[in-house]
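Thanks for asking me to look this one over. Could you open the model alongside this note as you read?

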Amino acid sequence: MSRYFCHEHPDVLTLATRVIDARPGAVVLEASPFHPGGGGQLTDRGVLRWHGGEARVTAIEAEGDRLWHVLAEPIEVAGAVEAVVDPEFRRMMTALHTGTHILNALVFQKFAGALVTGAQLNADSTARMDFDLPDADNDRLRALEPEINDVIRQDLPLRYEWLPTDAVGAEAGLMRCRSVAPPPSADGTVRIVEIVGLDRQACGGTHLTSTGQSRAIRILKIDNKGRHNRRVKIGLGAG
Ligand SMILES: [Zn+2]
């Protein structure tokens, strides 16, 4: 799990930095406020500005520890730049991602430690989570909607720590994904996200600072996708 600038500075969405490597239509920055996506979370949207120009960042491609910011135009950029994350998109993605943690926590607690088999967040404020829930009743899953919104109303704070990989393996429930464990960072630690009083798990994404910042969450749909794959679709409510 790489350490990103946005892990330490989630509120910094505009950053004066400089290009340290470039090719036509892509740059590596000395520091970047962009979250590159991963684990179901979408890449931040935004723009790169320089003296006399601006281009949209359309994708971020990881090459080892380096993040190539792919631009909408095949231009070559050098020197001082300003990297600007789209605040609306970040806010929505962050709220939706936090919502998936609340859903995941409640499923884990109420369905005997059921694990996640997949997750995908979407730009339309919806997300799907797949759980290994062979015997669960869909009505019991639907009944989680008011409980999710109760967690939002409780306004529980979120906090972070980096734990050594060994400690992560020793604490039951920190690894919530059935198939993929996030790789440790270069220093051998894994980022733990805690919704205080509710849940702790390994995650490298962006989250709200407390659950009360989220709009209400609706459970939109539940599908059985094979015996070991129950798909729960959620969406952020209006307003
Ligand atoms: Zn997360």
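1. A word on the basis first. This is a predicted model, in which local features need pLDDT of at least 70 and side-chain atom pairs count only at pLDDT 80 or more, while totals for chains, interfaces and linings use all residues. Residues are numbered from 1 along each chain as its sequence is written, and side-chain values use heavy atoms, with hydrogens and water left out.

2. Let's start with the barrel. It is closed by 6 strands in the order 1-2-5-4-3-6, with antiparallel pairing. On average, neighbouring strands of this sheet are turned by 45° against each other, direction ignored. Strands here are DSSP runs of E of at least two residues, and helices are runs of H or I of at least four, both numbered from the N terminus; two strands pair if DSSP finds at least two bridges between them. The angles, on a scale from 0 to 180 degrees, are taken between N-to-C directions of axes, which are lines fitted to C-alpha atoms (for helices, over the stretch in contact).

3. You can follow the pairing from strand to strand. Strand 1 (residues 14-23) is joined to strand 2 (residues 26-29) by 4 antiparallel bridges, and Ala 22 has Val 27 of strand 2 as its bridge partner. Strand 2 then pairs with strand 5 over 3 bridges, again antiparallel; here Ala 26 is partnered by Val 70 in strand 5.

4. Of the 6 residues in strand 5 (residues 66-71), 5 are buried, where buried means under 20% relative accessible area, exposed over 50% and partly exposed in between (1.4 Å probe, protein chains only). Strand 4 (residues 53-63) pairs with strand 5 in the antiparallel sense over 6 bridges, and Ala 62 stands opposite Leu 67 of strand 5. These two strands form a hairpin with 2 residues between them, and Gly 64 in the turn has a positive phi of about 65°.

5. Now the metal. The zinc ion is held by NE2 of His 97, NE2 of His 101, SG of Cys 203 and NE2 of His 207, at 1.9 to 2.2 Å. Donors are N, O and S atoms within 2.8 Å of the metal (3.2 Å for Na, K and Ca), and sites may look incomplete because water is not among the atoms. The angles among the 4 donor atoms run from 100 to 121°, making the site tetrahedral; for four donors, that requires all angles to lie between 85 and 135 degrees.

6. The donor spacing in sequence is H-x3-H-x101-C-x3-H. Because His 101 lies in helix 2 (residues 87-110) and His 207 in the loop between strand 11 (199-202) and strand 12 (217-224), the pair ties together parts that are 106 residues apart in sequence. Both His 101 and His 207 are buried.

7. How many disulfides does the structure hold? There are 0, a disulfide being a pair of cysteine sulfur atoms within 2.5 Å. For both Cys 6 and Cys 177, the closest cysteine sulfur is in Cys 203, at 11 Å from Cys 6 and 10 Å from Cys 177, too far for a bond. Cys 6 is buried at 3% relative accessible area, whereas Cys 177 is partly exposed at 28%.

8. Finally, please check Leu 133, in the loop between strand 8 (126-131) and helix 3 (138-142). Leu 133 is buried, at 4% relative accessibility. Beyond its neighbours within four places in sequence, its contacts (heavy atoms within 4.5 Å) are Val 107, Phe 111, Ala 114, Leu 141, Arg 227 and Arg 230.

Terms used
Four donors count as tetrahedral if all angles lie between 85 and 135 degrees; four count as square planar and six as octahedral if opposite donors are over 155 degrees apart and all others between 65 and 115; anything else is irregular.
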